[in-house]
Amino acid sequence: MKVFVVDVAKCVGCRSCQLVCKDEHCDNDWMPYAAPQPDTGQFWMRVDEKERGQVPKVMVSYTPVMCQHCENAPCMAVAKDGAVYRREDGLVVVDPVKARGQKAIVEACPYDAVFWNEELEIPQKCTGCAHLLDDGWTVPRCVEACAHDALLFGEYEDFADMLEGAEALKPEASTAPHVYYLNLPKRFIGGEVADLEADEVIIGAEVTLTNKATGETLTTVTDDFGDFWFKQIDAAEYAIDVVAEGYLPRHVEDFVSTVDRDLNIGTIALYQA
Amino acid sequence: MSNEVKTVYKSLGLCGFGLGSNSAAVDVKDGKILRIRPMHYDEKYDMEDMRPWKITARNGAVLEPKTRTLPTPLQYAYKKRVYSKNRVPYPLKRVDWDPEGDRHPETRGEAKYVRISWDEATTIIANELLRIKETYGPFAVLAQIDGHGESKIIHAAHGCPGRLLDLLGGYTLQARQPDSWEGWTWGAKHIWGMDPVGKQAHTENLFKDIAENGDCVIMWGGDPETTPWGWGGMMPGRIESFFTEAGIKQIFICPDLNYAAAVHADKWIPVLPNTDAALQCAIAYTWFKEGLFDREWVEAHSVGFDWFEYYIMGKEDGVPKTPAWAEPITGVPARQIKALARYWAKHAVSIGHCAGGGLIRAAYSSEPARLEVCLLVMQGLGKPGAGQINFMDLGLFGIDDIYPLPRSECQPDMNSVYHGWAMLTEPVNFIPKTLIPQAIMNPPVHWSGGHVIAGMPAQDQFIEWDFPQPGAGELHMIWTDSPCWQTCWNGGNEMQRALRHPNMEFIVAQHPWLENDCLFADIILPTTTKLEVNDISADLFSGQYNMILHEEQAVPHVGESLSDWEAVGEVAKKLGLYEQYAEGTEDELIKKGFMNSGCQDMISYEEWMEKGYYVVPTAKDWENDRCHLRGWYEDAESERLSTPTGKIEFYSTALAEHYPDDVERPPVPHFVPYGESHQESMLHPRSKEYPFLLITNHPRWRVHANNDDNTWCREIETCKVVGPDGYAYEPLWVNPQDAVRMNLHDGDIVKMFNERGAVLGGVRLSERVIPGALYQDHGARVDNIVVGEFDRAGANNLICPSNTTSKNAPGEVTNSFLVNIEKVDVFALAEQYPEAFSKPYDQATGQIAEAVIIKEGE
């Protein structure tokens with residue numbers, strides 16, 4: 001069974017995958033696998049971009065998204081006449097002839113990965129470059145183009161080791177996708193601990209993050225710049241406690257929330273004991 | 001299906017200058033490009049014969065080349081460039097330009113074009129060349145024949161006109177500046193020599209050294225995930241990922257969270273644009289104050305260190321350059337400056353660049369460039385894991401000394417058949433590229449700074465020069481094959497005015513795409529992209545393996561285009577000079593190129609032709625190459641630097657000799673916020689009227705002005721901001737704090753302006769730029785609302801300073817300058833400027849060729 005593995009932590013957002021997908025499918029006719037994709041407006045492979053945090057604790061996460069080639073594919077469920085089918089290798093393909101007029105196939109996809117071609121009146125999406133695989137290619141265009149190995153393609157067994165912590169893009173959709181995600185972005189809190197009276201950063205301060213709902217804690221130590229980071233944490237309300245030798249301890253909990261966004265908490269000032 | 005598909009190989013990098021890169025396999029079917037994909041090195045050769053290399057970090061992380069080439073997104077989308085609606089379809093003549101009558105220079109940039117034949121076009125050009133030579137002499141013709149373009153060799157994108165003009169008795173050359181590294185040239189060379197570029201001139205095995213011994217790389221303005229895309233491939237980004245894996249800290253110091261910082265930074269230190277020199281001074285101050293450097297070592301390796309200390313500690317001007325002093329200037333908290341200084345002093349820290357970064361192309365860029373060297377030297381430049389490293393232009397000019405990755409056995413050399421202009425030849429009559437508008441409008445022009453050509457030795461800078469040279473006159477004609485001056489250089493609006501100057505009787509442009517300076521030409525010749533020609537090329541900048549390619553023609557010429565070489569050849573035919581011009585047939589030249597490449601003994605010509613490419617193996621003994629500056633670090637006497645004293649010159653003896661009173665570039669490097677040449681600083685009263693500093697880096701989805709018409713890039717949501725009128729405006733990043741203050745919202749269209757004019761932009765609220773600064777890519781295609789004043793597309797070079805780096809340094813200033821912004825109503829503007837806002841426009845492509853062409857019968 002073929003699967004894709006997408007390691008979001010390795011993706012640099014170059015969109016080579018998105019562009020080679022267009023290179024392969026726009027103005028190229030791969031019937032019976034796929035009809036040509038319109039020049040613009042469809043993204044059989046897209047990259048979702050998310051700017052996170054506030055100056056100077058900012059990062060950008062990029063998440064490549066294509067057809068998830070689901071085991072329980074909603075598109076297949078709504079398709080009539082077998083217009084969406086699963087190949088022996090597991091790839092889910094829309095038959096461009098049988099699918100004509102079936103807009104429901106577009107609407108059924110919880111990942112917005114199926115597009116409607118107005119001109120041809122067909123739903124279109126990623127084929128896993130099935131036309132190339134059947135011609136001897138070992139991976140689709142997007143995977144070949146990724147310089148950072150953020151996209152992988154192969155037999156499930158080949159990747160079994162790395163898939164232990166893998167996630168689905170939208171677990172709530174319960175479609176059992178054959179695209180496995182690693183390191184999907186969660187939330188972060190970053191900040192700086194400083195002695196503002198001395199105008200010095202505080203190195204080695206112990207910072208504890210407490211999830212106010214669950215009581216779970218994480219602890220880290222400020223680095224050479226007085227910075228601390230809690231990455232890949234839940235969207236939740238938190239409290240922060242800072243302890244450093246020679247300083248009064250400090251407890252912060254107002255507005256320490258990642259419910260809506262990643263957070264640069266800014267400078268937490270400590271006062272000499 | 002494979003049977004019908006033909007595959008050819010192309011180096012698709014956009015460096016130009018005869019230097020290929022970013023190679024790809026192009027599959028062709030039925031005369032059309034089917035796909036552009038990576039080449040697999042091992043498709044026709046054994047991997048082992050290439051001698052795959054490996055760099056292993058202390059923690060075991062490994063960096064090695066891939067078995068395939070690493071084209072960038074710009075190459076993958078190149079099909080859209082070849083088949084762009086913006087291609088020049090056939091030769092064009094400006095409708096109101098009459099060589100026999102009224103030439104209407106004043107309508108350039110506005111007047112439309114009519115179709116003419118190649119025969120008619122080349123006859124006009126030939127006649128004009130003869131007339132102008134007869135009337136004014138050959139130097140009245142300005143050749144703008146340099147620049148970053150497609151890496152064609154025989155069919156060179158830039159330079160072919162020069163060959164013909166030489167046969168006609170000469171011309172005036174637009175001298176190619178060290179544009180990407182102005183600060184290194186005009187500043188750093190005077191502290192550490194390091195010819196020809198001014199950056200660390202020995203970087204052999206520097207990446208290996210950092211992997212094995214380094215703790216941290218400070219990316220000071222560089223963006224390895226964007227700038228190298230033009231011709232440095234994806235290896236620079238892979239090196240960043242490798243550093244992360246190797247546990248090597250990456251600190252980014254830049255006003256914008258650039259694309260590499262956004263994914264690779266361990267720490268971002270945002271600094272107000274072009275205040276880096278103040279930050280550097282404060283770091284040095286901390287080291288002096290706290291004794292965090294080896295004075296004995298520094299003094300053994302340098303001269304004039306006491307002068308530097310005198311300035312930094314405030315003895316010279318009464319202002320100690322403390323972190324507290326730097327905080328309000330730079331926006332970096334003093335405690336963070338101290339923390340950085342102390343971290344640096346305790347660790348092996350290198351500084352990384354991609355050519356330069358904004359500070360190196362800003363006003364007074366000589367100063368941060370020199371101060372960077374001061375800092376590197378104070379912390380033992382050349383010690384294990386510490387150097388200055390360029391993530392791109394590996395081995396530039398064919399120099400192995402500046403190849404920081406495992407070296408190839410050779411760098412294939414294309415010079416024997418390269419028809420572009422050779423950068424290091426000495427022209428008789430020339431003008432620095434930065435001074436073109438003055439040379440057209442206000443000759444004579446006098447400057448200090450010598451030939452101003454990238455790669456000239458430092459001493460050349462002390463030659464005073466005049467345009468025109470004795471015996472030469474003013475300019476009356478331009479032949480350009482790099483028609484993007486106004487959207488790439490300093491003071492584009494002034495250039496637009498220059499192109500309309502009544503002295504300028506004839507302008508001919510040749511280009512694949514109808515854009516920018518083309519729209520000011522009187523005759524436009526359509527030229528091919530490299531997919532349409534048969535050529536030879538070398539892949540030099542991949543960081544993996546070098547290659548020499550036989551680049552077969554992939555697809556037929558688009559429209560009536562001819563290659564640049566062929567187009568000029570048609571003019572040569574009209575002048576009876578074709579045979580002297582051409583120097584052989586295409587096939588003969590490809591063979592000659594191969595036989596003189598340096599690879600001719602590694603593989604036979606026949607086998608190379610048949611296979612289409614040859615991969616040069618990694619040098620057998622690369623690990624035994626010298627380790628950049630280690631020997632000099634260990635013994636200052638072991639090597640002379642190319643400064644007058646042979647040592648690091650904290651006090652530049654040459655500047656002191658030639659320009660002792662230059663306060664804009666004094667003998668000891670200074671923080672120079674403003675002066676006689678520039679007032680682009682928050683510390684200057686001008687900032688009351690123009691309270692933002694604009695950062696305008698090399699663009700993410702373009703290479704300078706290249707690729708702005710690419711439909712697949714333009715639809716990326718961060719590439720453009722589509723206004724309420726459907727026009728795709730160039731994004732302008734505004735920090736939410738500034739936006740709130742100014743009541744700006746995501747998607748608003750704003751006018752960005754200063755005394756030099758205005759351009760529009762689409763607001764994108766972003767935490768990737770600091771308050772007080774704005775960010776907009778440079779290089780958008782000019783779309784004038786009012787010529788010389790107001791542009792719709794966001795071509796912000798139009799409002800860059802016209803003045804050069806400083807009084808005695810004629811470099812470009814194209815980054816970090818003062819502007820203001822105000823929200824505009826595009827519908828009101830459309831009423832005010834109905835003509836500009838109603839041009840034919842393609843939603844996906846943007847501006848298109850047909851917008852300026854009068855169809856037959858119209």
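**A walk through chain B and its contact with chain A**

Let's start where the two chains meet: the contact draws 43 residues from chain B and 36 residues from chain A. Keep in mind as you look that this is a predicted model.

On the side of chain B that touches chain A, several elements each supply at least two residues, among them strand 3 (32-38), helix 7 (235-246), helix 8 (259-264) and helix 13 (334-346). Helix 13 of chain B gives the most to this side, with 6 residues. By type, the residues on the side of chain B that touches chain A divide into 23 nonpolar, 9 polar and 11 charged.

Now follow helix 13 of chain B to another of its neighbours. Two packed helices are described by the angle between their axes and the distance between the axes. Helix 9 (residues 276-290) of chain B packs with helix 13 of chain B at an angle of about 60°, and their axes are 9 Å apart. That angle makes helix 9 of chain B oblique to helix 13 of chain B, and the crossing of these two helices is right-handed. Where they meet, helix 9 of chain B brings L279(B), A282(B), I283(B), T286(B) and W287(B), while helix 13 of chain B brings I337(B), K338(B), L340(B), A341(B) and A345(B). The residues of this contact divide into 8 nonpolar, 1 polar and 1 charged.

Finally, find helix 19 (residues 586-595) of chain B. Which of its residues are buried? They are L589(B), I590(B), G593(B) and F594(B). These residues cover an arc of only 135° around the axis, so they lie on the same side of helix 19 of chain B. What covers them includes strand 22 (535-539), strand 23 (547-551) and helix 20 (605-611) of chain B.

Terms used: Residues numbered from 1 in each chain as written. Chains lettered and ligands numbered in written order. Predicted model: local features only at pLDDT ≥ 70, side-chain atom pairs only at ≥ 80, totals over all residues. Contact = placed C-beta atoms within 7 Å. Helix = DSSP H or I, 4+ residues; strand = E, 2+ residues; numbered from the N terminus. Nonpolar A, V, L, I, M, F, W, Y, C, P; charged D, E, K, R; others polar. Axes fitted to C-alpha atoms, helices over the stretch in contact; angles between N-to-C directions. Parallel < 35°, antiparallel > 145°, perpendicular 65-115°, else oblique. Left-handed = near helix turned anticlockwise from the far one by under 90°. Buried ≥ 20, exposed ≤ 12 C-beta atoms within 10 Å, placed from the backbone. Arc of directions from axis to C-beta.
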